[in-house]
Amino acid sequence: MGEKNYFINIYRDLKLWITIFLIFILQIDMHAQSNFLEEQLSFIRVKDAFELKQKSLEDSFLEKDLAWPPKDILIRSFKAELELELWVKKNEKYVLFKSYKVCKGSGNLGPKLKEGDKQVPEGFYFIDRFNPESNFLLSLGINYPNEADKNRSNAIDLGGDIFIHGACVTIGCLPMTDDIIKELYVLCVLAKSFGQKKIPVHIYPYKFNLLNNIIYQSSSQYANFWNNLMLHFIYFQEHKQLRFYEVDSFGNYIFKN
């Protein structure tokens, strides 16, 4: 009986310490999120963007019956259409909040393979940097090259520094007008501040449908790669949810659901 009570006490103590540890980690995470927002608002361009955009964005969210502030968002872009979409998660599914015009294209359809090719990447990325003092007003960095890019290319230098930014100029980025980048920057800052660790950015060559596939794939060396990306596009169109994936040694996305 004494031995049984001994193990019960150990179990209770262990549960207590695990609970204390999880609370401690949660407090650190919440503090870091709060610090991120405060840090961003210390920059005059970010502060101006919030003053200009926050109220109208909040009103738009309420009109669309979306919770404010955003806590889980997704960015999709289509190179041929020069379009960027922002989606917001609601009840386990994403809802389209707004479509924006990408104000200028760069390169051709097809993935970015090396430094200097002026290509906009294609694939599945996430926001990995916030630059409140960008040369292009404000900018959101994309984690190019990702694992798929590295496995697909044999170039010595794959390049980097791919951003969604303002100023409407580009040599491989996704340029927006200054007004639009302010709006996107505010939404991304808020999502990160309220707990979203990775904001997905999905970049497609074009909107996949039968006609576009005939137009763009008939003579393209990237048809197999695009068909790989299309698997996620079709799934998302049907379910409004993301797919989990891994990357194989050839740079293909292997989907798990």
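A: Start with Asn 91, which is placed in the loop between strand 2 and strand 3. Helices (H or I, at least four residues) and strands (E, at least two) are DSSP runs, numbered from the N terminus. The model is predicted: local features need pLDDT of at least 70 and side-chain atom pairs pLDDT 80 or more, whereas totals for chains, interfaces and linings use all residues. Residues are numbered from 1 along each chain as its sequence is written, and side-chain values use heavy atoms, without hydrogens and water.

Q: Which peptide bonds are cis?
A: Among them is the bond from Trp 68 to Pro 69, with omega near 0°. Pro 69 belongs to the loop between helix 2 and strand 1. The bond from Tyr 144 to Pro 145 is cis too, with omega near -5°; Pro 145 lies in the loop between strand 5 (137–142) and helix 3 (147–152).

Q: How many helices and strands does the protein have, and in what order do the strands of the sheet run?
A: There are six helices and ten strands. Eight of the strands form an open sheet with mixed pairing, in the order 3-2-1-8-4-5-6-7. Its edges are strand 3 and strand 7, each of which pairs on one side only. Strands count as paired if DSSP finds at least two bridges between them.

Q: In which sense does strand 1 pair with strand 2 and with strand 8?
A: Strand 1 (residues 73–78) pairs with strand 2 (residues 83–90) in the antiparallel sense over six bridges. Phe 78 has Glu 83 as its bridge partner in strand 2. The hairpin of these two strands has four residues between the strands, and Leu 82 in this hairpin takes a positive phi near 50°. With strand 8 (residues 200–204), strand 1 pairs in the parallel sense over four bridges, and Ser 77 stands opposite Ile 203. Further along, strand 2 and strand 3 are antiparallel over eight bridges, with Val 88 opposite Val 95 in strand 3.

Q: How many residues of strand 1 are buried?
A: In a regular strand the side chains alternate between the two faces of the sheet. In strand 1, six of the six residues are buried, so the strand is largely enclosed by the rest of the structure. Ile 73, Ile 75 and Ser 77 are on one side and Leu 74, Arg 76 and Phe 78 on the other, and both faces are covered. For the protein of 257 residues, the buried share is 43%.

Q: At what angle do helix 2 and helix 4 cross?
A: Two packed helices are described by the angle between their axes and the distance between the axes. Axes are lines fitted to C-alpha atoms, for helices over the stretch in contact, and angles run from 0 to 180 degrees between N-to-C directions. The axes of helix 2 (residues 44–63) and helix 4 (residues 178–193) cross at roughly 80° and come within 9 Å. The two helices are therefore roughly perpendicular (65 to 115 degrees; under 35 is roughly parallel, over 145 roughly antiparallel, the rest oblique). The contact (heavy atoms within 4.5 Å) includes Phe 50, Leu 57 and Phe 61 of helix 2 and Tyr 185, Val 186 and Leu 190 of helix 4.

Q: Which cysteines form a disulfide?
A: A disulfide is a pair of cysteine sulfur atoms within 2.5 Å, and a search of the whole structure finds one. This disulfide joins Cys 103 to Cys 168, with S to S at 2.2 Å. Cys 103 lies in the loop between strand 3 (93–101) and strand 4 (123–134), and Cys 168 in the loop between strand 6 (162–165) and strand 7 (174–175), so the pair ties together parts that are 65 residues apart in sequence. Cys 103 is partly exposed at 25% relative accessible area, and Cys 168 is partly exposed at 25%. Cys 173, at 10%, is buried, and Cys 188 is buried at 0%.

Note on methods:
Buried means under 20% relative accessible area, exposed over 50%, partly exposed in between (1.4 Å probe, protein chains only).
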